[in-house]
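Biologist: Can you walk me through this one? I'd like to start with a single residue.

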Amino acid sequence: MNFKLIFLVALVLMAVCLGQSEGRRFKKFLKKVQGAGRRVANAAQKGLPLALGVKGVLG
C-alpha cells in the first residue's frame, strides 16, 4: 500500500515537471501553425478575386 502511494506521488510530480516544459514546446509549435494558417488565409484573400475575375471572363 505504501509503495502505491509513493509511486502515485512520484508520478504526479513527474507529470507536473514535464508537463510545463512540454507545454512551452507545444505552444511554440502552435504559434508556427497559426502563422502558416494566417499566410494561407492572406494568400487566399488576395487570389480569390483574381480567380473569380478569370472565371467571369472565360465562363
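Modeller: Start with Met-14. Met-14 counts as partly exposed because its relative accessibility is 48%. Partly exposed sits between buried (under 20% relative accessible area) and exposed (over 50%), with a 1.4 Å probe and protein chains only. This is a predicted model: local features need pLDDT of at least 70, side-chain atom pairs need 80 or more, and totals for chains, interfaces and linings use all residues. Residues are numbered from 1 along each chain as its sequence is written, and side-chain values use heavy atoms, without hydrogens and water.

Biologist: Where does Met-14 lie?

Modeller: In helix α1, residues 2-58. Helices are DSSP runs of H or I, at least four residues, and strands are runs of E, at least two, numbered from the N terminus. The protein chain has 1 helix and 0 strands.

Biologist: How much of the chain is buried?

Modeller: Buried residues make up 2% of its 59 residues.

Biologist: New topic. How many aromatic pairs are there?

Modeller: The whole structure has 1. Phe-3 and Phe-7 are stacked, 6.2 Å centre to centre with 20° between the planes. Rings of Phe, Tyr and Trp (its six-membered ring) pair with centres within 6.5 Å; planes under 30 degrees apart are stacked, over 60 edge-to-face, the rest tilted.

Biologist: How many residues apart are Phe-3 and Phe-7?

Modeller: 4, about one turn of helix α1.
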